[in-house]
Amino acid sequence: MEKHEVMALANDVYDDIQAAELEHAIDFATKKHEGQKRRSGKPYITHPLAVAYTLIEWDMDIDSVIAGVLHDTVEDTDVKLEEIETMFGRDVAFLVDGVTKVSQARAGMRDLDSYLPQTKDNLSKLLIAVSQDVRVIIIKLADRLHNMQTLGSMPAGKQQKIARESLEVFAPMADRLGMGRVRMQMEELAFSYLEPTEFKRLQGLVKKRLGKSTRKLGAVRLEVEKELKKQGIEFEVNGRVKSIYSLHRKLEKANGNIEDIYDLMALRIIVPDKETCYRVLGILHSMYQPMLARIKDYIAVPKPNGYQSLHTTVITPSEEIVEFQIRTQEMHDWAERGLPASFHYHEQKNTKGYTRKKHTAALPTELQWITQMQEVASRLREGEEISADQLNIDLFSYRIFVYSPKGDIYNLPEGALPLDFAYLVHSEIGKHAYSFRVNGKIHAFDKPLKNGDVVEVITRKLSQPKSDWLDLVKTSHARAKLRMQLRKLGILQAVSGAAAIIRDKAVRKSKKKQPN
Ligand code: MN
């Protein structure tokens, strides 16, 4: 990547002043990285330039792009953060600092299963950086994507490490932000390095299988197009082929039989509005026989990362099984591009739209986890003990949506229990929880909630938290609130789980000693 390529793209997107500022940053970074080389032998500056280019393609604001250009200067050259602040302003400096901290944190968390206690500080730095400004992680994703694209010139050991980390940390992060295309690019690259033989085998398998079905699918497509036109519907159809990595994961579940994978190739229909999505679903079902178990309404109940679409799988008269995905252009953009697309749509391209501090309300429900992450981060900072398991649940598990009877949406990690919900709504509701009704039926305290559940907490004024509730909460939020209440009630000391109590006490003592 070279300067003129970045500037050509930038000139189309940003105004003259912004473009000039970007050019200034590029010249500054070029000078600072002078003499440094990438593993491939190319000048180092090609990397930050590639990152900036990607960020422009993702429709990011100019501050993010400039921070992308400067992202390695503080770590790898003699540039000081203050210098960046003076030259490019506080926002850019904040972003560069965040990206630098993520890199430092990363060094401490080699793999997700074994957070060591000493990595806690690093991890909390990561969390704070991410939760204060989502753009930090978006820049980091662009950085990682380019590193994956150029992974070939790294030594084999490093390739494995970086690929694994991309698969375990960065691809899920991209998924959380709804950035489906980035997640897929990252997974495909990582998988091709981690299991090269399997990757090639599956690639071959897909090619063979697609050759067979493409022609049949083409006939179905024509038929559908004809019918939609007849019904006066405005639409666009395109085919999508399943990625190698998601095929690999699915095959693991389906005993390795590719014949059992129905959605190897799907037809995607994009229409102007939500109502038309449902109309098209109806038309398809009147043309072909749907497989009932495979109808999915992700419009009414979006996936936890905000993904929306209607999915259906039908059987044609010639016994061809075809999957359809129906969505609006806006839903499509979200599915492919995620959070940056949403900023684009809401025209919040000014800095403040991205930062959570000032604009908490601007974050869509599916991104509540960012808020929750900041909470975890600040508790870590205050010296609270949070176990590795706990962190994994809070940060890296899949999320579900549940509803209050009034229809308010709450976002919880998968596996969350009713008390987690109660404490999320309000700590007093948790405190006085007496029983639960889920989708109208009585629900046990130890039975996990599912995506889309409507959860009603039945409270009794005189009902109090009990010590065995500590086994009935999964999130660290609920655990912290519950602990506090148990301590106030004098119950926690009486529990036989001595270790927990000692740790709690130790934390409180050490907090008193240290005045900061
Ligand atoms: Mn970098």
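## Close-up views of a predicted model

**View 1. Helices α1 and α2 pack at an angle of about 165°.** In this predicted model, helix α1 covers residues 3-13 and helix α2 covers residues 16-32, and their axes lie 10 Å apart. The angle makes α1 roughly antiparallel to α2, since anything over 145 degrees counts that way. Their crossing is right-handed.

**View 2. Four protein residues supply donors to the manganese ion.** Two histidines take part through NE2, namely H47 and H71, and two aspartates through OD, namely D72 and D143. These donors lie 2.2 to 2.4 Å from the manganese ion. Along the sequence, the donor residues follow the spacing H-x23-H-D-x70-D. D72 sits in the loop between α4 (62-70) and α5 (73-76), whereas D143 belongs to helix α9 (residues 135-149), so this pair ties together parts that are 71 residues apart in sequence.

**View 3. Helices α12 and α13 pack at an angle of about 95°.** Here helix α12 (residues 196-230) meets helix α13 (residues 244-253), and the axes are 10 Å apart. That angle makes α12 roughly perpendicular to α13, as it falls within the range of 65 to 115 degrees. On the α12 side you will find E198, F199, L202, Q203 and V206, and on the α13 side I244, L247, H248 and L251. By class, this contact has six nonpolar, two polar and one charged residues.

**View 4. The whole chain has 22 helices and eleven strands.** This last view sets the close-ups in context. The chain holds 516 residues, and buried residues make up 50% of them. Which share of the contacts with a separation of 6 or more comes from residues 24 or more positions apart? In this chain, such residues account for 65% of those contacts.

Conventions
Residues are numbered from 1 along each chain as its sequence is written. This is a predicted model: local features need pLDDT of at least 70, side-chain atom pairs count only at pLDDT 80 or more; totals for chains, interfaces and linings use all residues. Side-chain values use heavy atoms; hydrogens and water are left out. Axes are lines fitted to C-alpha atoms, for helices over the stretch in contact, and angles run from 0 to 180 degrees between N-to-C directions. Helices (H or I, at least four residues) and strands (E, at least two) are DSSP runs, numbered from the N terminus. Angles under 35 degrees count as roughly parallel, over 145 as roughly antiparallel, 65 to 115 as roughly perpendicular and the rest as oblique. A crossing is left-handed if the near helix is turned anticlockwise from the far one by less than a right angle, and right-handed if clockwise. Donors are N, O and S atoms within 2.8 Å of the metal (3.2 Å for Na, K and Ca); water is not among the atoms, so sites may look incomplete. Buried means under 20% relative accessible area, exposed over 50%, partly exposed in between (1.4 Å probe, protein chains only). Contact means heavy atoms within 4.5 Å. Ala, Val, Leu, Ile, Met, Phe, Trp, Tyr, Cys and Pro count as nonpolar, Asp, Glu, Lys and Arg as charged, and the others, Gly among them, as polar.
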